[in-house]
Amino acid sequence: MPRPERPLDSDDDELLRFAADLRLLREKAGKPTYRELSKAAHYSVTVLSEAASGRKLPSLAVTVAYVHACGGDVEQWRRRWHEVAESVKPADPDRQPPYLGLGAFQAEDSSRFFGREKLVGQLLEKVSERPFVGVFGASGSGKSSLLRAGLVASRPADVFSPGPHPLKLWGECAAELVVIDQFEEVFTLCRDEDEREAFIEAITHATERKVVVGVRSDFYGHCGRYPDLVDALHDAQILVGTMSPAELRRAITEPALRAGYTVEGALVSVLEAERAPLPLVSHALLETWRRRRGTRLTVAGYEETGGVRHALAQSAEAAYVELDVAQQAIARKIFLRLTALGEGTEDTKRRVSRDSLDNDDDTLFVLDHLARARLITLDDTGVDLTHEAVIRSWPRLSGWLTANRDGLRVHHQLTEASATWESLNRDSGALYRGVRLALAREWATADDDSMSARERRFLNASIEAEEAEHVATRRRTRRLRQLVGLLTVLLVLAVTAVGYAIKAQRETTEQRNIAIARKAVSDAQGLQPADAALSTQLSLAAQQLADNTETRDNLLSATADPYFTRIAAHELDIPAVATWGTTLATVSWDHQLKLWDIADVHAPRPLSSTDTGEELHGVVRARDGLLALTTERSVLFYDVTDLGAPKKKGTIPRPKDTAKISDVAFTPDGTTAAVAVENVVQFWQVSDPDHPVLTSTLTGFESATRRLRFRPDGKALAVAVDKTLTLWTYGDGEPRRQGVGSAHTGGIETLEFTPDGRSLATGGWDHLAVLWDVTDLANPRKRAEFADFTAIVWGVGFSPDGTTLAATGDGRTRLWDLAHLDQEGRPRLLATLTSGVYEAEFTQDNSTLVISEGPKAVRLQRLGDLPLLGHENNISATSFRPDGQVLATSSWDSTVWLWRMTPQRGREPITRITDARGYLRFTTFSPDGELLAVASDDGFCRLYDVSDVTAPVLLAALPPQTDRAVSAAFTPDSKTLAVGTFRQVLLWDLIDEGAYGDAFHR
């Protein structure tokens, strides 16, 4: 059986009469057991039995639940409870309590702030050392109280919480110390990322003030996302943790002692054992103080509050249930507005402006009621929760927040948007549209009562604006459709007009392009002799501009002429050039010596330019790394070991001021120089080019010595004296005069030995070039005379292999083949180039001819770019050997030429076949490259063994059957030859090399 209730002591006390009436109500309900009441009231047996014990006044919630379970009049008992609670209040209700409850300590509350003395000292020390300090701690750990009652009470400071627009509040601060409490609002309430970053940059880079921020510890990671904060907080952090037992004891007892009260030791022990957050402890102590016994705060008074875990919930619930239904709805809206929903963090409190709330009487009453219950704080500008503990400790508020978090987010966004709209004088651009308006309308349909009047005006204005836009859109759509129809008609007309215009423009452009192309063709033809590269570019541009027969023919004609590169090297005439390896030296009357890299003939590159200070007339490569430059007054030596920076060495002077130096030549070893000056030849030792030494003088010349050259072996010397060529032995004692050559009728201007020293070429003022046989120095013999020139022959030169002679004069350069003679026994003319005045010199690799064009320019002519010249009549056929290294050409001149196709020069005559008769119609190699067939007008098809291309051997002259042979072809195995004649093809079996017979013919 259940244990009977303890009898009440007396019924004179109001509290005991309240308990007795509760027991009477239970008896009228049939005296159910407390276990049965517990199931109906949802409170424990202990709480319900304690409510009717008479020892303390039960909470309103417990009383209402007890009465409801017993079937009593809840409203009557609610009024009765308030009457009893009023009668049992301790004396001096207006006296200032020693505890603040949920509110944070302010600077003026420092006299009641205990337990954090050590932490305050650490904070003050850190602030004195660092310009920026962060105070971190969990919600309810006492950060705000530490900052305000600890730091600000010790030093003057500006204090603010960031709110939605922290940058504006920062600009209003003027103190040397700025305390930013609840810094997490930067992440929860400030929605503008740019403003957030600017605010963080401003406070972390402040130079004239110190900054202290209080941050909830669960927002520590948010701080780590901003490098400025990370740097500022390095070694500048204070962690606010749980109070030690001694600190908590001081926080409990000292405020009471200072106010003239005492706290039971048992109560201190109970609170220490609870280990609850400080705001809840403070609230419980405040409620206990209100239920004190005289000047003592007792355990009994503490238990009447419901304890730490229930005191705040009971206070909040009691304040809520004291309101009527309409006022409770207003309170719900207020609490939801004052809560910021966490994104991955706990929910936090949120300050809202008074303008965001309605201003009717019920709202003002509810605000005042909640403020008196210390659940919210009010000031002239805004409303805020007293502490975030209200969010976590009041189950009803937690339930509201859990029920519709998405709706709350929409509502908060609507609140901010309506505030912005009002601040912009209700600018229509700030109204909701699209998805945001749709979400707000959907939420408002389900929870219209939650909106304030301002929010409702904003939403209605947004809806009206969207509907007006829809009407305007439909009107624009109708107009656009009408315009589209009109524009379609206009477009058809415009397209037709544009078509005609484009056609006319195309015809005009085509005619203009044809005119420009014809001008380009004319310019290209005029430039071809002087600048082949530019001429080819113009021809190509003309063909691309107007592709017709004229431009195509001109382009093909441009490629038919030899391609060359022109270097605009100097400002005045270029009388001489010298080459070695891939280097070219040019000298000019403008006093300049210039060196060029001609490894790529088509893209020569300047290496250096040296001002010698004298007008230069010649350049000779004395030996490796040494150049000799001739002027009328001296021979200048330059060290060109460093091609980029030639160095001046010694000088060979003229013998007297009136003398004129004409030429200089060097022995093969480059140690001796022969200088033609006046009517003598001087010999100088130049082993040391810094100090040339005159060794001897050759005299006895009747006229001025004009030109001289050593034979390549250094044992002979050729000297041109006016019109006469004189030959001298050298190197074995004193030079001795040998033979004399007289072929010129004018002064000799140039002479040069062949590389083998057996021949010599001269050119002169009589417009002749002469080739001499000087094998016998005593009896020089004229081999050939070239009278092709119409002006002075200024220069002659031989190719390194001695097979080609180049001579310049009358603005042209002519090349002769010395290895193959024409029908008259003279060297064959290979080519005539339309440029050349002073000198022509072959490069050492025999691939390029360097030509001095006289005024200002040098021409680089790759010999491989020249046409193959040799035949004296039409070329009838060409055939490459299968390996591509040999080319055979046949001609009406009754000859077949074999050419070596080398990568360097591109052409090189090997031999000439001359034993054929009549016009040669066709020639072709066999597939194995061993045989060459030549078809001729005499009816024979001659077959040659060309396994040795330098010495072709006639194997057979296949006889004619009816008429002349005009074509020939081998089978792929090279064993059968087909010969074409008029109306017949003859097939010859080539298997038997000894007796070629006809297999059959038709």
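**Aromatic contacts and a covered strand**

In this predicted model, the rings of F183, F187, F199, F219 and Y226 come together as one aromatic cluster. Across the structure, the count of aromatic pairs comes to 19. One of these pairs joins W794 and Y838: the ring centres are 5.5 Å apart and the planes meet at 65°, so the pair is edge-to-face, a label given to planes over 60 degrees apart. W794 belongs to strand β34 (residues 793-798), while Y838 sits in the loop between β37 (827-833) and β38 (839-842), so this contact ties together parts that are 44 residues apart in sequence. W794 is partly exposed, with a relative accessible area of 27%, and Y838 is buried, with a value of 13%.

Aromatic rings also meet charged side chains here. R209 lies over the face of W170, at 4.9 Å from the ring centre. The charged end of R814 is placed over the ring of F789, 4.5 Å from its centre.

Strand β46 (residues 931-936) makes a friendly example for learning to read a strand. Six of its six residues are buried. L931, A933 and A935 point one way, whereas L932, V934 and S936 point the other way. In a regular strand, side chains alternate between the two faces of the sheet.

β46 has neighbours to consider as well. It pairs with strand β45 (residues 920-925) in the antiparallel sense over five bridges, and F925 stands opposite L932. Five residues lie between these two strands in their hairpin, where G929 takes a positive phi near 75°. Strand β47 (residues 941-945) also runs antiparallel to β46, joined by five bridges, with D945 as the bridge partner of L931. The hairpin of β46 and β47 has four residues between the strands, and G939 there takes a positive phi near 95°.

Conventions:
Residues numbered from 1 in each chain as written. Predicted model: local features only at pLDDT ≥ 70, side-chain atom pairs only at ≥ 80, totals over all residues. Heavy atoms only, no water. Buried < 20%, exposed > 50% of the residue type's maximum accessible area, 1.4 Å probe, protein only. Pairing = 2+ DSSP bridges. Phe/Tyr/Trp six-rings, centres within 6.5 Å; stacked < 30°, edge-to-face > 60°. Lys NZ or Arg CZ within 6 Å of the ring centre and 35° of its normal.
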